Amino acid sequence: MNETRPQETLANLLSETRQFEPPADLAAAANVKADAYDEAKADRLAFWAKQAGRLDWDTPWDRVLDWDNPPFAKWFVGGKLNVAHNCLDRHVEAGNGDRVAIHWEGEPGDTRTITYAQMLTQVKKAANALTELGVRAGDRVAIYMPMIPETAMAMLACARIGATHSVVFGGFSVDALSGRINDAQAKVVITADGGYRRGKPNALKPTVDDSVPLCPSVEKVIVVRRTGQDIAWGDKDVWWHDVVDAADKEHEAQPFDAEHPLYILYTSGTTAKPKGILHTSGGYLTQVAYTHQAVFDLKPESDVFWCGADIGWVTGHSYIVYGPLANGATQLMYEGTPDTPHKGRYWELIDKYKVTILYTAPTAIRTFMRWGDDIPAKFDLSSLRILGSVGEPINPEAWMWYREHIGHNKTPVVDTWWQTETGAIMVSPLPGVTSTTPGSAQHGLPGIDADVVDDQGNSVPNGGGGYLVLREPWPSMLRTVWGDDQRYIDTYWSRFAGMYFAGDGAKRDDDGNIWLLGRVDDVMLVSGHNISTTEVESALVSHPAVAEAAVVGATDPVTGQAIVAFPILRGGAEGDENLLAELREHVGKTLGAIAKPRQIMVVPELPKTRSGKIMRRLLRDVAENRSLGDVTTLQDSAVMQLISEGMANTKNQDD
Ligand code: WT7
């Protein structure tokens, strides 16, 4: 147990001593070795220039980085390339046209196998179809789709003709979709009748139908037939299979400037209007390709990669579409949810397709833990060689479970920190180099200058807590907030002079490893100590009875704020007074008395965004609404009532 220091920016309470060396065979054959850190340190820009050399450029750049007008960066200035050519044509030209790009599995169990050559033909046709519908370089196209191969094809068709796509997650409502279409002034919307989710067709087209009248910029709606469900048909609607099948199968990709806008992806804060995060072409593709090859040690000839995220999130953009395809990888794409038709679906798919690399989120891992060890144990998972995590801090116990029950203690676990704004992985172990520490994202990747600083912007020493910042620009960084340069400056570059501030709390452990401690907005101020939600949650999850937990700070007359915890118990147990007392003691023993929850309310579920992040704001409302003496609540229906009312009111928000 560490002692908390007064004046600290963020307390460092949890200590972790477990460590795992990279497997010797993986280390020996690793794509990236330890010298990459030295190389990048010696000359960061030369390092990134070398990584850009992985791509095909029509015109070479004359300057690696223009940072003359920060925070507005230009990477690979003067260079020209076509992103879709780099993801498809060049692999076919190199003789790999017959390699499988996508093994697709629909939720009902229907399958498609798509080679690089087939993917290229479809993307060329779709590019011609978009051109015939009047889409030109620089125009915006909104994409509102299920998890089907046409979603990736639509994105690449846009990239091929220089149109900027804006993918909107298929779970969003009319308000969210129409707001995003209008902000970007999209000319065309690409959608589908629906997709399968939880065993049923889930309609998408009605949301588009209700949005289009609110969006005067929209000229055409292209509709993929996926489910065959009944849909209404308007005069702007055309079928994908009509316009794409009829289109010419030849299409020559034109080069675009390295800084040509590739896509906009919206992130919504808790209250404010969503920000259109703008990514451009050359730097973005360079860093997603590099990180996909380095962090997952990708061997394109033999690996089967599976990223379980939805294409509607940045994880899907960078590690389903652009990174894997730029690297000529073979991947699995799955349409549905992990519990349909049964809770072993993920493991069944890994077994069936002999997946070697799995990339998923802590929220999924904790859910799998809760469902029970016996479920993955029924399947052959021996093909797996690397496991990745992204999206939230991963609790050390969830990390250990992932390593043990999915990786059978032989696969490295890489916890990767990044954001929609960073475009690609920034802080992560390298599987063939790093001795991994459960729960820590460890180090900035080669070429990335990540640091933890205090309130004044000074680096904290080992053992100290503070804010995660990036001290140098990186190739896949956002270039601005679409249409709002001032908001870009204010949101990301104003808290600390000359540094990008990501909004996350972090600490450095005694070995110098970086730990992410959650959003700074969630930090709890208890008796003058800034305590991270992540550390208290991890302490709770390290108790064998707890599967998952969220904690928040609630107003307290004595301590300023007090910690209120919402655990989910393993096997759906309800807990009793004794267990709750034991949990408080357990947190006290693990982190110190300062971190003991004042109240614990056992819940059957936690409120989450569609991307799986816990909505602590809602839990804070619940915590503030409970009377002080009210300790146990045992699957309290009143608590769940408050949570679900809150969820209903925030339907349009993702994170
Ligand atoms: C926020 C960004 C990056 C793709 C998915 C989320 C949190 C992300 C980690 C991690 C701790 C993490 C941060 C970050 N986050 N990865 N490995 N450890 N926290 O993208 O929706 O833009 O969210 O997710 O709070 O700022 P996003």
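1. In this predicted model, four strands form an open sheet in the order β21-β22-β24-β25. The pairing is antiparallel. The edges belong to β21 (450-453) and β25 (514-519). Each has a single partner strand, so one side of each lacks a neighbour in the sheet. On average, neighbouring strands are turned by 45° against each other, direction ignored.

2. Look next at the pair β22 and β24. Strand β22 covers residues 465-470, and strand β24 covers residues 500-508. They run antiparallel and are joined by five bridges. Leucine 470 stands opposite tyrosine 500 in β24.

3. A helix packs on this sheet: α17, residues 533-541. Helix α17 touches β24 and β25. Its direction makes about 105° with that of β25.

4. Now turn to two helices that pack together, α3 (residues 44-52) and α10 (residues 282-295). Their axes lie 9 Å apart, at an angle of about 85°. Angles of 65 to 115 degrees count as roughly perpendicular, so α3 and α10 are roughly perpendicular to each other.

5. Which residues make the contact between α3 and α10? From α3 come Phe47, Trp48, Gln51 and Ala52. From α10 come Thr286, Gln287 and Tyr290. By class, four residues here are nonpolar, three are polar and none is charged.

6. Finally, check the second largest pocket. The volume of this pocket is about 390 Å³. The lining has 17 residues, and Lys41, Gly444, Leu445, Ile448 and Asp449 lie nearest the centre. Helix α2 (residues 35-42) gives the most to this lining, with four residues. By class, the lining has seven nonpolar, four polar and six charged residues.

How values were computed. Residues are numbered from 1 along each chain as its sequence is written. This is a predicted model: local features need pLDDT of at least 70, side-chain atom pairs count only at pLDDT 80 or more; totals for chains, interfaces and linings use all residues. Side-chain values use heavy atoms; hydrogens and water are left out. Axes are lines fitted to C-alpha atoms, for helices over the stretch in contact, and angles run from 0 to 180 degrees between N-to-C directions. Angles under 35 degrees count as roughly parallel, over 145 as roughly antiparallel, 65 to 115 as roughly perpendicular and the rest as oblique. Contact means heavy atoms within 4.5 Å. Ala, Val, Leu, Ile, Met, Phe, Trp, Tyr, Cys and Pro count as nonpolar, Asp, Glu, Lys and Arg as charged, and the others, Gly among them, as polar. On a 1 Å grid over the protein atoms alone, a cavity is a set of points where a 1.4 Å probe fits but cannot get out, and a pocket is an open set with protein on both sides within 12 Å along at least five of seven lines; lining residues have an atom within 4 Å of a point. Grid points are joined across faces, edges and corners, and a volume is the space filled by probe spheres set on the points. Two strands pair if DSSP finds at least two bridges between them.
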